[in-house]
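Thank you all for coming. I would like to take a few minutes to walk through one protein model, beginning with the overall layout and then moving to a few individual residues.

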Amino acid sequence: MKSSRLALSVTLGLGLAMSLASVPASAAPAPVADRLPASIAAYSGSAADKTNTRAFFEAVMESALSKQRVTGAQAVTVVYDASRAPTFATQIARSAQIWNSSVSNVRLVSGSNADFRYYEGNDSRGSYASTDGRGNGYIFLDYRQNQVYNSTRVTSHETGHVLGLPDHYSGPCSELMSGGGPGPSCTNAYPNAAERSRVDQLWAGALSALKKELSIKSR
């Protein structure tokens, strides 16, 4: 996969909001506070987090593409495991449905042999997409944040990171990756036209790189 990884690294000039952390354990929901910490209100993402730019996205993409070699399907299938986030089962399923209806070059499906997983619990940083730097990634959904912000929007936003989109907190409510920037009143859980186009472009590029690699190997 080294040649594909090199091709992807050249193609994918993205900055994703990630953090280096161990997999959290589930916990009971915490009561909603009158005032959330700034990190949660902004869908936390420090400068240090962002230095780990493409790791999670590329890890998920590489895992999905390795299976693509076998299936040969026109769209890459990314498999997720939501069993460790039972509180958010509905939101996760809805988020997958939203993305599957919005883009055509990648599909999210629930199943075994997952490319990434969802977890739930309490974290002062709020919800986030994370990687351990060794190709293992997950999405963490924070109870408190999901009680204040629209939970489907939070989940769809974090899933957007898996598909290759960076945060853009200063964007309007119509922009999914603006996250918590527009405030708790924003309930939009759908990517806008530019976000849909970017995801399709990224995964079309991945498919093209894979087909080129397979073509070279078959000679």
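**Overall layout**

The secondary structure of this protein comes to eight helices and five strands, where helices (H or I, at least four residues) and strands (E, at least two) are DSSP runs numbered from the N terminus. Before I go further, please keep in mind that this is a predicted model, in which local features need pLDDT of at least 70 and side-chain atom pairs count only at pLDDT 80 or more, while totals for chains, interfaces and linings use all residues. Residues are numbered from 1 along each chain as its sequence is written, and side-chain values use heavy atoms, with hydrogens and water left out.

If you read along the sequence, the pattern is α-α-α-α-β-α-β-β-β-β-α-α-α. Of the 219 residues, 50% are buried, and by buried I mean under 20% relative accessible area, with exposed meaning over 50% and partly exposed in between (1.4 Å probe, protein chains only). The protein exposes about 9700 Å², of which carbon and sulfur atoms supply 53%; these areas come from the Shrake-Rupley method with a 1.4 Å probe, and for residues, only the protein chains shown count as cover. Turning to contacts, meaning heavy atoms within 4.5 Å, those with a separation of 6 or more are 73% made up of residues 24 or more positions apart.

**The core and its rings**

In soluble globular proteins, nonpolar side chains tend to be buried together. Here, the largest nonpolar core has 35 residues, and Phe116, Tyr118 and Trp203 touch the most other members; such a core is a set of buried Ala, Val, Leu, Ile, Met, Phe, Trp, Tyr and Cys residues joined through side-chain atoms within 4.5 Å. Among the elements that give two or more residues to this core are α4 (55–71), β1 (76–81), β3 (116–121) and α8 (193–218).

How many aromatic pairs does the structure hold? There are seven, counting rings of Phe, Tyr and Trp (its six-membered ring) whose centres lie within 6.5 Å, with planes under 30 degrees apart called stacked, over 60 edge-to-face and the rest tilted. One of them joins Tyr80 and Tyr118 in an edge-to-face arrangement, 5.7 Å centre to centre with 90° between the planes. That pair links distant parts of the chain, since Tyr80 sits in strand β1 and Tyr118 in strand β3, 38 residues apart. Tyr80 counts as buried at 8% relative accessibility, and Tyr118 is buried as well, at 2%.

Another pair, Tyr128 with Phe140, is stacked, at 5.2 Å centre to centre and 20° between the planes. Tyr128 lies in strand β4 and Phe140 in strand β5, so this pair ties together parts that are twelve residues apart in sequence.

Let me turn to Ser127, which lies in the loop between β3 and β4 (128–131). Is Ser127 buried or exposed? Ser127 is buried, because its relative accessible area is 1%. Its side chain reaches the backbone nitrogen of Asp142 at 3.0 Å, and makes a polar contact with the side chain of Gln145 at 2.7 Å. A polar contact is a pair of N or O atoms within 3.5 Å; within protein, one must be able to donate a hydrogen and the other to accept it, and residues adjacent in sequence count only if both atoms are side-chain atoms. Not counting residues up to four places away in sequence, Ser127 also touches Val154 and Glu158, among others.

Leaving aside neighbours within four places in sequence, Asp81 is in contact with residues including Gly111, Ala114 and Phe116.

**Helix α7**

Finally, α7 is mostly covered, with twelve of its twelve residues buried, including Arg153, His157, Glu158 and His161. At its start, a side-chain oxygen of Asn150 reaches to within 3.3 Å of the backbone nitrogen of Thr152. After the helix comes Gly164, whose phi is positive, near 115°.
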